[in-house]
Amino acid sequence: MNSILILALILFGLTSFYFGKSRIKKVTTNGAFEPKALPHFYGYYQALWCALPALVIISIWTVFEPLILKNVIENKIQIASLNELSKDELNLIYSQIVSFAQGNFSGQITKGIESGAITYKNLLSISQGAKIILFFCAIIAASLFAYNQINKNVHAREGVEKALTVILFLSSVAAILTTIGIIFSLLFETIQFFSKINPLDFFFGLGWSPQKAFISDPTSLTPQEAKDLKEAFGAVPLFAGTAFIAFIAMCVAVPIGLYSGIYLAEYATTKQRKWGKPIIEILAGVPTVVYGFFAALTVGPFFRVIGDSIGLEVSSESALAAGLVMGVMIIPFVSSLSDDVINAVPQSLREGSYAMGATKSETIKKVVFPAALPGIVGSILLAVSRAVGETMIVVMAAGLAANLTINPLEATTTITTQIVMILVGDQEFTSAKTQSAFALGLTLFVLTLILNFIALRIVKKYREKYD
Amino acid sequence: MTREQRLKKRYAAEKRFRFLGIGAIAISIFFVCLLLFKVFSTGSTAFIKTTIMTEVDFNKELLELGDVKKPTLKQIKEAEFYDVTYKAATGLFPYKNDEEEKGVKTLLSGNYEIEIKNYLLNNPELLGQKVTIELTASDDLDQLHKGNFPRDIPEDRRRLNNFQLNVYDNLVEQGKIGTAFGNYFFFHGDSRDPEIAGVAGAVIGSFFSIIICLMIAFPIALMAAVYLEEFAPKNTFTDIIEININNLAAVPSIVFGLLGLGMLLSVFGLPRSTSLVGGITLSLMTLPTIIIACRASLKAVPPSIREGALAIGASKVQTVCHHVVPLAMPGTLSGTIIGLAQALGESAPLLLIGMVAFVVDVPSVPTDPSTSLPVQIYLWSESAERGFVEKTSATIMLLIGFLVIMNSLAVWARQKFERKW
């Protein structure tokens with residue numbers, strides 16, 4: 001339906017472009033007045049007036065029609081039913097009615113569903129009819145208005161440019177809408193989660209086993225269930241596992257990345273730089289799922305074999321394997337960011353140091369590095385936030401069960417792994433288990449936001465100092 | 001310590017430091033090579049498949065077409081192929097009991113009946129004749145032939161029993177085992193059997209997602225960048241937008257998956273597991289990256305261009321549309337391609353919006369359930385069969401191939417059209 005309307009709109013828009021363009025020529029050939037803008041601006045003017053109001057109507061309908069229909073039908077169900085229905089039951093009946101009305105319902109058809117479907121279809125046809133009528137009214141009214149304006153020789157370019165600026169502004173707001181969408185969708189579920197689980201139990205609890213949290217009746221918990229629920233969602237093992245794996249990753253990435261960054265910035269010849277930098281950047285371009293595959297099938301078993309040969313018990317999903325591979329993935333981040341930061345250190349500082357008789361390495365260690373330190377710390381913080389949010393490597397190579405340990409040879413789990421584990425497959429939105437994934441997601445979002453914010457502040461402040 | 005000794009020590013430290021730098025770079029390069037070598041060495045064999053030359057008797061009686069004089073294609077299509085395929089499969093090697101019969105039959109792929117049928121449909125003139133056809137071998141035989149299965153481990157830990165090994169050796173001696181181009185890998189959807197599983201569904205799913213991502217992200221990102229660079233007034237709201245974009249670029253990708261799940265699927269009710277939702281989610285994820293790239297290339301256009309256009313009477317919008325944006329196009333395009341390459345390799349958000357479903361059919365529209373290339377890699381890497389390891393690596397090769405093409409395109413676009421001011 002919408003696609004046909006939009007197609008029609010494009011057609012109308014195109015014709016009104018040519019109409020507006022020829023109209024202004026006709027108006028002005030009478031010699032009454034000079035046009036105030038080039039002819040094609042009148043074309044755009046006519047086309048914009050034709051298309052924009054109708055487009056607004058279509059989008060309003062697309063967003064609100066389902067919501068209003070749902071509300072009306074659910075009210076009717078509530079009135080028709082004998083006993084009070086919960087929100088989930090209403091949802092279920094509504095979706096049954098909709099799928100029956102669309103003709104792809106497989107299940108027991110009751111009288112209620114049938115009559116509901118008839119009401120639904122009636123309402124839908126009323127709303128669709130109203131949409132089409134409004135759509136054409138809007139097109140005709142707006143086109144007539146624009147036609148009149150053109151006859152009056154309005155300043156078309158200003159109008160068109162204003163509309164264009166508004167459209168540009170709206171697209172830059174899209175980024176803010178994305179953020180609002182993220183916060184809204186995370187916060188909504190998280191608040192519901194915290195209405196069931198005490199936030200203190202979540203942030204400070206030591207046991208994570210969401211599969212235990214089975215509630216038969218949410219209104220009255222048995223003592224055993226309440227105790228299970230209290231102990232099922234302690235996220236400390238996940239925070240610890242995430243921090244631990246990120247720490248291992250940084251142990252790999254920081255020295256290697258920093259030394260290669262320093263070498264590329266200070267020692268490498270132009271030719272070495274030309275070849276070395278892109279090769280290291282390859283590591284950043286490889287999809288994370290490939291690293292996950294590498295960690296799970298090569299590095300994990302490799303550590304296991306080595307561990308077996310020297311008599312150590314190594315889990316095949318060890319934190320060490322996941323952390324090491326994650327570290328390799330992060331090397332290019334640290335290296336290119338620190339390369340940039342070191343390059344930004346003014347040459348005069350180095351020359352001053354050389355003039356005092358220092359060798360190159362002494363200059364780097366005692367002058368360049370301290371000067372670049374804030375920027376390097378910033379880039380390391382960015383890399384940490386990257387490691388904390390990394391998903392595929394840990395999903396494929398780290399463990400699934402929560403395990404509070406500091407032994408790198410054992411399996412641990414992370415925030416991202418648990419989000420994926422909980423949300424892949426079937427999920428019901430009302431269960432505490434599903435909602436816990438959103439609470440974890442919000443924690444992750446806030447955590448990375450803080451890290452990024454600090455890192456960007458440090459980098460920016462430092463840049464200003466030398467510019 | 002004398003002056004010479006001190007100097008010597010300092011030079012040694014210098015040398016050590018330099019060596020550490022070279023070492024760090026060498027380690028990075030080593031990891032690149034190891035990764036690529038591992039993937040290529042395990043994956044390259046997936047592009048060919050093992051076949052068994054099988055004698056098939058297209059007997060009219062067996063096909064229950066005995067009383068039809070000149071059967072049409074439709075009649076052949078509806079004929080009873082069970083006897084023909086059964087005879088062909090069991091005719092590979094003489095067997096003694098039911099277990100051995102099963103052993104012989106399972107040397108062929110799960111799809112051999114369809115292969116035989118299609119062969120006859122393509123060559124209807126062979127009806128009533130005995131022919132030798134190349135049929136796809138089962139995954140186990142395929143892996144054995146490629147040398148990925150050790151033969152000297154105890155029988156109960158092997159996928160093929162002693163009898164099947166014997167049959168295999170016999171077939172090799174008769175020269176009936178051959179290799180052919182792995183058509184299933186390229187042209188089929190997913191399957192539980194590694195030998196007939198393919199990436200076509202994933203490739204098409206990825207293609208749809210990327211196209212949708214391009215159609216949404218590129219215009220919005222370009223317009224947002226133009227607004228922020230050329231039109232935005234200096235006020236708090238503009239600052240908020242800028243900070244917001246920078247922070248959004250560093251949000252973990254899985255959070256966008258949660259956004260897709262919480263907003264697109266449950267609030268807007270878009271269809272689950274489809275490349276439509278995947279594309280929208282990926283476009284939200286790449287939007288900040290592309291905006292930043294577009295802004296950088298708009299910034300690179302020198303102010304003299306703008307001033308020249310304004311001086312001869314162009315309006316602000318005309319200046320931007322006619323001069324600034326066209327000149328910035330190479331940069332914006334290459335930034336967009338790099339953003340899309342990132343989206344192509346991304347899998348975490350797609351897991352959450354249900355693109356991990358087991359999809360056999362190749363999707364034909366973006367609203368069909370589908371997977372994408374990286375998700376297919378994830379799915380196969382979780383499978384136990386040895387044949388999927390090879391397929392996973394081959395899929396990685398394909399994915400890396402696409403990424404290399406896209407990135408070279410970006411570099412080429414920049415170098416070819418970029419102007420130095």
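This is a predicted model: local features need pLDDT of at least 70, side-chain atom pairs count only at pLDDT 80 or more; totals for chains, interfaces and linings use all residues.
Which residues in H5(A) meet which residues in H10(B)?

**Entry 1: H5(A) against H10(B)**

From H5(A) I noted Ser172(A), Ala175(A), Ile176(A), Thr178(A) and Thr179(A). Across from them, H10(B) puts in Ile241(B), Asn244(B), Ile245(B) and Leu248(B). I sorted the residues of this contact by class and got 5 nonpolar, 4 polar and no charged.

H10(B) covers residues 236–248 of chain B, and its axis comes within 9 Å of the axis of H5(A). The two cross at roughly 60°, so I wrote them down as oblique to each other. H5(A) passes H10(B) in a left-handed crossing.

**Entry 2: the whole A–B contact**

I zoomed out to the two chains. I count 67 residues of chain A in contact with 65 residues of chain B. Which helix gives the largest share of the side of chain A that touches chain B? It's H5 of chain A, residues 156–196, with 19 residues. The class tally for that side of chain A is 43 nonpolar, 20 polar and 4 charged residues.

**Entry 3: confidence**

I checked the scores before going further. The model has ipTM 0.90 and pTM 0.89. For chain B, the mean pLDDT is 88, and 100% of the residues reach 70 or more.

**Entry 4: domains**

Chain A comes divided into domain 1 (2–154), domain 2 (197–232) and domain 3 (236–466). I took the C-alpha centres of domain 1 and domain 3 of chain A and found them 49 Å apart. Chain B is split into domain 1 (52–180) and domain 2 (201–417). Over C-alpha atoms, the centres of those two domains of chain B are separated by 47 Å.

**Entry 5: H8(A) against H13(A)**

Back to helix pairs, now inside chain A. H8 of chain A (residues 236–267) packs on H13 of chain A (residues 360–389) with the axes 10 Å apart and an angle of about 140°. Oblique or roughly antiparallel? The antiparallel class needs an angle over 145, so H8(A) and H13(A) are oblique to each other. Their crossing is right-handed.

The H8(A) side of the contact is Thr242(A), Ala246(A), Ala249(A), Met250(A), Ala253(A), Val254(A), Ile262(A) and Glu266(A). H13(A) answers with Lys360(A), Ile364(A), Ile380(A), Ala383(A), Val384(A), Ala387(A) and Val388(A). By class, I get 12 nonpolar, 1 polar and 2 charged residues.

**Entry 6: H12(B) against H14(B)**

Last pair, in chain B. How do the axes of H12(B) and H14(B) cross, and within what distance do they come? H12 of chain B (residues 275–299) and H14 of chain B (residues 316–345) have axes that come within 8 Å and cross at roughly 145°. H12(B) passes H14(B) in a right-handed crossing.

I jotted down part of the contact. Residues of H12(B) in it include Leu282(B), Met285(B), Thr286(B), Thr289(B) and Ile290(B). On H14(B), the residues include Gly331(B), Thr332(B), Gly335(B), Thr336(B) and Gly339(B).

Notes: Residues are numbered from 1 along each chain as its sequence is written. Chains are lettered from A and ligands numbered from 1 in the order in which they are written. Two residues are in contact if their C-beta atoms, placed from the backbone, lie within 7 Å. Helices (H or I, at least four residues) and strands (E, at least two) are DSSP runs, numbered from the N terminus. Ala, Val, Leu, Ile, Met, Phe, Trp, Tyr, Cys and Pro count as nonpolar, Asp, Glu, Lys and Arg as charged, and the others, Gly among them, as polar. Axes are lines fitted to C-alpha atoms, for helices over the stretch in contact, and angles run from 0 to 180 degrees between N-to-C directions. Angles under 35 degrees count as roughly parallel, over 145 as roughly antiparallel, 65 to 115 as roughly perpendicular and the rest as oblique. A crossing is left-handed if the near helix is turned anticlockwise from the far one by less than a right angle, and right-handed if clockwise. Domain bounds come from an automatic or database domain assignment. pLDDT is the predictor's confidence in each residue, from 0 to 100.
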